[in-house]
Amino acid sequence: MDFGLTETQLSLRQLTETQLSLRQLAHEFAEKEIRPLARGRERIRDPRERFPWDILEKGSKLGLRTLSLPEERGGAGASILDLCIVGEEIAWGDLGVAVTFDQTWKIIHFLDRVWNEEQRARFLPAFLGDHRFHLAVGVTEPDVGSENFTPSDSPGDGVRLRGVREGDHWVLNGMKHFISNGGIAKLYVIVTRTDPKAAVARGVTYFMVTPGTKGFSIGEIHDKMGQRLSQNAELIFENCRVPDADRVTEVGGGVKARAGSFSRGSVIESAATAPPPWGPPGRLTRMLLNTRATASRAESPSSSTRRWASCWPTASSSTRPRARPCTTRPGWP
Ligand SMILES: Cc1cc2nc3c(=O)[nH]c(=O)nc-3n(C[C@H](O)[C@H](O)[C@H](O)COP(=O)(O)OP(=O)(O)OC[C@H]3O[C@@H](n4cnc5c(N)ncnc54)[C@H](O)[C@@H]3O)c2cc1C
């Protein structure tokens, strides 16, 4: 497939010390904590029992869960290339574990951009302080998938989950499905149709919903053939009252607000998941290096990521990463 990008040969020499340290940390986490458990875990039949909380907590304690937040917010200020490198390594351990982290990386990046100060004060401390605080975003519905992302101008197309204003609340009715981190997340970003007469581009609004909110429940947990250690679920809304204070975009401004934010997550997922015949693992990361935006980040990592990486026990500049998997070696290990 032609991505419109030119592939270059990325060698370890092109990665910064920080990126090498990140890569090594994620590799060791995958090797020691994920791979010994993953194959056995994914054979567990019940998706709820299968979910690898122990592994995710260990990763969070290493700082992986909060990587994408800026340092001034308590994260590490990881660039998109840093996240691709880490995502690839975690995916070498298990793709489902990588997807769970990746969802949280992209959604917290989005929320950090759109939160007002009151919302940030309410949610950020809880997010930072809880190793099990993951995030989910609900866009897809049983009858509505691709057209949410490539919206037409027809008001009848796209998101149908309705949000109707009643005073200082919104009443949500409808359903989402296939939602990654569904049933395990502690905060959900929900895409609702607040204007049924407008096209998706102007008729949807994003809200935050927490588990336990009256009228919000988890339906079926989907059982999957792949990514079995990530959890996907249906989200059901029945007269669910959400305060206007939990709205995170302008009314009707959801599509505009998400522009350029959630696509980060898709790029990271692509880097982590692209298998042959698309190319050897790491090919997308190499191609990413060739785009102007990420190339400049590769050359100058944020000072916050540098400082953060220097704190790791395994991340000294004298540590030489082994010439291993994704970004350097063709083919699966
Ligand atoms: C593992 C996994 C995790 C997911 N996580 C999330 C999540 O966290 N949050 C979320 O909101 N969603 C999530 N999804 C849903 C995902 O975003 C949708 O599956 C995707 O948008 C496609 O929608 P759909 O499944 O309804 O397929 P459809 O839109 O029905 O498409 C089916 C097929 O028709 C093709 N097609 C569609 N429209 C056209 C057209 N106009 N012209 C030609 N061909 C067309 C598509 O390419 C596809 O091959 C997840 C899905 C999976 C499998």
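Gly 174 has Phe 237 in S7 as its bridge partner. This is a predicted model, so to speak of local features a pLDDT of at least 70 is needed, side-chain atom pairs count only at pLDDT 80 or more, and totals for chains, interfaces and linings use all residues. Residues are numbered from 1 along each chain as its sequence is written.

Back to the strands, which are DSSP E runs of at least two residues, while helices are H or I runs of at least four, all numbered from the N terminus. S3 (residues 169-180) runs antiparallel to S7 (residues 232-243), with nine bridges; strands count as paired if DSSP finds at least two bridges between them. S7 also pairs with S6 (residues 216-222), again antiparallel, over five bridges.

Now for the ligand. Its shell includes Val 137, Phe 149, Phe 178 and Asn 232, where a shell residue has its C-beta atom, placed from the backbone, within 6 Å of the molecule. S3 gives the most, with three residues. The shell has five nonpolar, seven polar and no charged residues, with Ala, Val, Leu, Ile, Met, Phe, Trp, Tyr, Cys and Pro counted as nonpolar, Asp, Glu, Lys and Arg as charged, and the others, Gly among them, as polar.

Last stop, helix H3 (residues 53-61): Ile 55, Leu 56 and Gly 59 are its buried residues. Trp 53, Asp 54 and Lys 61 are exposed on the face turned away from that buried side. Buried means 20 or more other C-beta atoms within 10 Å of a residue's own, exposed 12 or fewer, and partly exposed in between, with C-beta atoms placed from the backbone. Just after H3, Gly 63 has a positive phi of about 100°.
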